[in-house]
Structure formats: structure tokens, C-alpha cells
Amino acid sequence: MYSQGLIGADGATEETEEFLAKFQARIDREEKIEPNDAMPNGYRKTLVRQIGQHAHSEIVGMLPEGNWITRAPSLRRKAALLAKVQDEGGHGLYLYSAAETLGVTREQMTEELLSGKAKYSSIFNYPTPTWADIGTIGWLVDGAAIMNQIPLCRCSYGPYARAMIRVCKEESFHQRQGYEILISLCNGTEEQKQMAQDSINRWWWPALMMFGPHDAESSHSEQSMKWKIKRFSNDELRQKFIDATVPQAEYLGLTVPDPDLKWNPDKNDGKGGYDHGEIDWDEFWRVVKGHGKMNRDRIKDRKKAWDDGAWVREAALAHAEKRAARQTQHAAE
């Protein structure tokens, strides 16, 4: 998911070899890099792009689920979904704050998103036509996010790593919530179970795309791993996700929509794992480039929310300026 944030990233840096060697030595010693520390420009740019994309994904990710708050099948489901969407908004705020420590403003990041310069995770450009999709998003999408995010708790950049600790705890709840929805559907009527199967048929492959392109095609992934911004390659994380998720699908009595999926006892250094079919990378790049089913709607809704909230931001800024002026006046008296 957040490896997609490295697509198009500028990891180039112009510092001296001595400076870069000293910085890499700190990384290799597992020291956390803090906002006031000297860092290569490429390191900072990579973080701004990845954290910004991560923050945008949390905020845009509220839209497909928020669409179901008023239509949830019970008051309990409605309250749980409302809490989850609220959590996602909080995650976005943590991450925007982490990115701001690198010298970029929230306004700049939002303007880049609305202009198309910045991206969010491709997974949120798919529609949610049934209630089962809310369960599948929790199970597969949040499950893939957790697989990406847990290693980020050990990211070399301190503010990002610390923000991820709370995010991961809440995402774990979101995944369990989604899986519990699917358990209920799969234990319900045949029509409800078929709804769940149809949902996994539509979301399985986009969920695998969340980990980004193959390592050989991810030009900035190697440098990001060297700087320990990320700890595992795209393909490693994708394989871990598949190996963990297929047994969960079997427990539900659902079929993973991959005819090439099969257990391979020799995979993962003899520990065993699943071989899987090839991902439709043409679809992946089409969605990333803005031609998915919901790309235009997501940006339109995000722009409307940003424009509608302008008066709140202006009022908050005016209040802060007046408060600062009063404090300055009192200090002078």
C-alpha cells in the first residue's frame, strides 16, 4: 500500500560521500533520525512522498466506507463503522503531522493531491456496492495495510515510526471488525454467503496490488530499504499476506479467486507457502494513473471537503493569531 508512495519518488541526493557515509552508519546502528537531524535531501523527499501518500490514503479511505454509515444493517454495525471511519481520519492527522516535521505544510500536500501530483493508495478507487464490501475492506484491505504498517513501526524516521504504533493498534481492530462481518454473512443465508464471495472476487486482486509493483520494477524500493524507511520488499510482504490470508478464507468457506493458487512446501526456505497467479499490472497502472472506476469521484469529494472546510481553517488561524497577540501584549505589560 505505502510502497505505492515510492512510485516516482526522487531519491537523488547531492551531499558529499563523507556525509552520506556518516548518515548511513547511523541508520545501520538503528538510530532514529529526528526532525532536527541532518539528513540527505533524497531521504527527506522520499519520506515526504511516502508519508504524504499514506496520509492521503487514510483520508480518502474514509469515503468508500463512509458511504455505508447511513445504510449499515443495524445500530451496532452503524456505531462500529462510524468509529472506524473516525479512526481513519485520526490516522490521517497523525501522518500529516509527521510529514510536517520534514518542512512541508498540510496545505502543500493537499494541493498536490488535488492537482494529481500526489497519489493515494489505488485500492480506494474501487466501488463498494454491497455491505459485504465493508467486511472485505476490513479483512483484506486493512489486513494488507497492517502487513505494510507493522514494519513501519521500526522505520528509521522517528516521528513516522512513533505515529505508526497507535495506527497499527487501531488497524488491527478494524481488520477483526471486517472479518467478523464476513463470519456473520457466511453463517447466514446462501444469498448472504454469495454476497461475501462476490466481494472477495472483486477485492482479492486489488488487495494484492496494494503492495506495489514487483521488486525488479520498483526502482526506489532498494534505496528505501537501505535507509530502513521500509524493512521488507514488496514481494516479501505480498507473500506474507497471501500465506496468512488464504487459511482465513478457507475458514470462512470462501474461495480465493485465483485458479493458480496452490500450496508449495518448498517455498519460503522450506517453510512452505502459496504459489499464486500473475497480477494484472495493466489494471494496476491504469488505476494509479487516474483511470480507475472511482478516481474522479474520490478527488471531487476530497476537493469539496477541502473547499467546504476553508472557513474553519481561516477561523482557527484568526483565533490563533488573536490569542498570540494577546499573549504578546500581556507579556509586554
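## A residue inside helix H10

Which helix does Ile 242 lie in? Ile 242 is part of helix H10. Keep in mind that the model is predicted.

Ile 242 has a relative accessibility of 0%, so this residue counts as buried. What does Ile 242 touch, not counting residues up to four places away in sequence? The list is Trp 204, Leu 208, Pro 247, Leu 261, Tyr 274 and His 276.

## Where H6 meets H10

Helix H10 covers residues 234-252, and helix H6 covers residues 131-152. Their axes come within 10 Å. They cross at roughly 145 degrees, and the crossing is right-handed.

Both helices supply residues to this contact. From H6 come Trp 139, Leu 140, Gly 143, Ala 144, Met 147, Asn 148 and Pro 151. From H10 come Leu 237, Lys 240, Phe 241, Ala 244, Thr 245, Gln 248, Ala 249 and Leu 252. Sorted by type, the contact of H6 with H10 has ten nonpolar residues, four polar and one charged.

## Where H12 meets H13

Now take helix H12 (residues 295-308) and helix H13 (residues 310-332). Their axes lie 4 Å apart, and the helices pack at an angle of about 35 degrees.

On the H12 side, Trp 306, Asp 307 and Asp 308 take part. They meet Ala 310, Trp 311 and Arg 313 of H13. The contact of H12 with H13 divides into three nonpolar residues, no polar ones and three charged ones.

Look again at Trp 306 and Arg 313. The charged end of Arg 313 sits over the ring of Trp 306, 3.5 Å from the ring centre.

## Aromatic rings

How many aromatic pairs does the count come to? The count is ten. A pair of aromatic rings is described by the distance of the centres and the angle of the planes.

Take Phe 284 and Trp 285, which form an edge-to-face pair. Their centres are 4.9 Å apart, and the planes stand at 75 degrees. Phe 284 counts as buried because its relative accessibility is 0%. Trp 285 has a relative accessible area of 26%, so Trp 285 is partly exposed.

Ring pairs also build a cluster. Phe 23, Tyr 43 and Trp 227 are linked in this way.

Lys 228 lies in the loop between helix H9 (221-226) and H10. Is Lys 228 buried or exposed? Lys 228 is buried, because its relative accessible area is 17% and the cut-off for buried is under 20%. Its phi is positive, about 60 degrees, although Lys 228 is not a glycine.

Leaving aside neighbours within four places in sequence, Lys 228 is in contact with Ile 27, Asp 28, Glu 30, Arg 154, Cys 155 and Ser 156.

Glu 30, one of these contacts, also has a positive phi, near 65 degrees, in a residue other than glycine. Glu 30 is placed in the loop between helix H1 (17-28) and helix H2 (41-60). Glu 30 is partly exposed, with a relative accessible area of 41%.

How values were computed:
Residues are numbered from 1 along each chain as its sequence is written. This is a predicted model: local features need pLDDT of at least 70, side-chain atom pairs count only at pLDDT 80 or more; totals for chains, interfaces and linings use all residues. Side-chain values use heavy atoms; hydrogens and water are left out. Axes are lines fitted to C-alpha atoms, for helices over the stretch in contact, and angles run from 0 to 180 degrees between N-to-C directions. Helices (H or I, at least four residues) and strands (E, at least two) are DSSP runs, numbered from the N terminus. A crossing is left-handed if the near helix is turned anticlockwise from the far one by less than a right angle, and right-handed if clockwise. Contact means heavy atoms within 4.5 Å. Ala, Val, Leu, Ile, Met, Phe, Trp, Tyr, Cys and Pro count as nonpolar, Asp, Glu, Lys and Arg as charged, and the others, Gly among them, as polar. Rings of Phe, Tyr and Trp (its six-membered ring) pair if their centres lie within 6.5 Å; planes under 30 degrees apart count as stacked, over 60 as edge-to-face and the rest as tilted. Buried means under 20% relative accessible area, exposed over 50%, partly exposed in between (1.4 Å probe, protein chains only). A charge sits over a ring if NZ of Lys or CZ of Arg is within 6 Å of the ring centre and within 35 degrees of the ring normal.
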